[in-house]
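Please keep the sequence and the structure in view.

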Amino acid sequence: MKFLGGEEPVGPTPSGSWSPWKKRTSKPRTSTIESLDRDILCIIFSSLGLFDLVRCSVVCKFWNAVINRCKSLQILYFNLQCDSSEYVSNTSGSSRQSMSMLLEELAMKHHRLSLEEGRIDIDQWKGHSLGVDQCRMKRGMILTGVGDKVMRLWSLERYKCVEEYPIPGTLPLIDFDFDESKIVGLVGTRICIWRRNGARSVFPSQEGTFAKGLCMRYFDPEAVIGCDDGTARVFDMYSRKCSRIIRMHGAAVTCLSLSEDQLIISGSSLGSITISGLVSDQKVSTLRSTDSTGIKTLCFNPSSHLVFAGSSAGYVRSWDIRTMKPLWENRVSPNVVYSIQHLQSDRSTLAIGGIDGVLRILDQNTGEVLSSCVTSISTSSNSSRHTSTAIERKRGARLSEDILIDRIPKSARPTITCLAVGMKKVVTTHNSKHIRLWKFNK
């Protein structure tokens, strides 16, 4: 089977998608980190703090195996949760799996505490020549665009633009998504694909056009376009054809989310959320609320089976798709909520941004606002340079519950048009030339 652009895929990635990164030009060599003695690694790991240990466990399979099988580490960190004498008698069998689950659980707790209480440092840099209002984050990389005629892929460790993807023609970029091998974008009324190696493909005109697309989500091997006529159009990335047209709403589809179990979740300008089968084309359910204002953003958490939506009236709502029943609603802002996101596997916190420019952290299970953050106006900013990128550093401030948002200068809270969440960090765009990285340190 030929991939888009006529290139042969080399092999499957662990996620099942085809990637050219598997190709080797020489015999594989033993990794330096795998050459370290297991006992030495155990000694090193035993001296680390919890959060550093969690980060080490995802560096490679070898380190993960060492951490999971080291009895002293297991006893040390299980002591945080249970009596050590009880655990010592049960350190075999399922203990390695329990160790992994414990590390993930403690990492999520550390992430929540950092977002809720930690010190806030904000790094800001000029990312585009015109306003940028969309961002996506995956594996420590952030993709930004919509505004000028280019998308940029950034390394958050070095604040360096590692790749650029120009937008073809004169049509605007509407929405985009990416994975380890390609970027999929909605350009005007066409779907465009950029390979990470620089090649670009545009869907044929007879298959890749539609009246007006407002949003897009991509889940290999399909891209779903939400249209202003209330339909969702499903495109196959390999055949480059529209495989299905699904009637979702009687009004425009304003936002989308896709689940791993083949569901399309869509919000409409009339305030309803519809869930349909990606394969069967059958409508599963319609989630309704007491407010009829338009849905501006939504996200789905596969770990908890919860759907979260933000409206043009400042409401945030949650439903459980296992029961199709509402869980909570909270008007967190008097204005539009533009973006809702959470860290993958996190079941406790949500990051919310909108027109009032306040970055809010919410409890996923109750809707309670845990923290409201803006740029501090009482501290001066510092400038530095990472590679060729000039970085302006600022401090963040947490707002008290009784403060009046309108009294805070707009310079401290520019409108948040989009956000992406990583471990103890949030990236925001503001329809300006700049990108902000909020770092929460507990």
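Are F308 and W328 buried or exposed? Both residues are buried, where buried means under 20% relative accessible area, exposed over 50% and partly exposed in between (1.4 Å probe, protein chains only). The model is predicted: local features need pLDDT of at least 70, side-chain atom pairs count only at pLDDT 80 or more, and totals for chains, interfaces and linings use all residues. Residues are numbered from 1 along each chain as its sequence is written, and side-chain values use heavy atoms, with hydrogens and water left out.

Four aromatic pairs are found in a search of the whole structure; rings of Phe, Tyr and Trp (its six-membered ring) pair if their centres lie within 6.5 Å, and planes under 30 degrees apart count as stacked, over 60 as edge-to-face and the rest as tilted. The planes of W125 and Y159 meet at 70°, with ring centres 5.0 Å apart, so this pair is edge-to-face. W125 and Y159 are both buried. F308 and W328 form a tilted pair, 6.2 Å centre to centre and with 40° between the planes. Ring pairs also join W125, W154 and Y159 into a cluster.

Two charged side chains complete the picture of the rings. The charged end of R136 sits over the ring of F176, 5.2 Å from its centre, and K138 lies over the face of F178, at 5.5 Å from the ring centre. The criterion is NZ of Lys or CZ of Arg within 6 Å of the ring centre and within 35 degrees of the ring normal.
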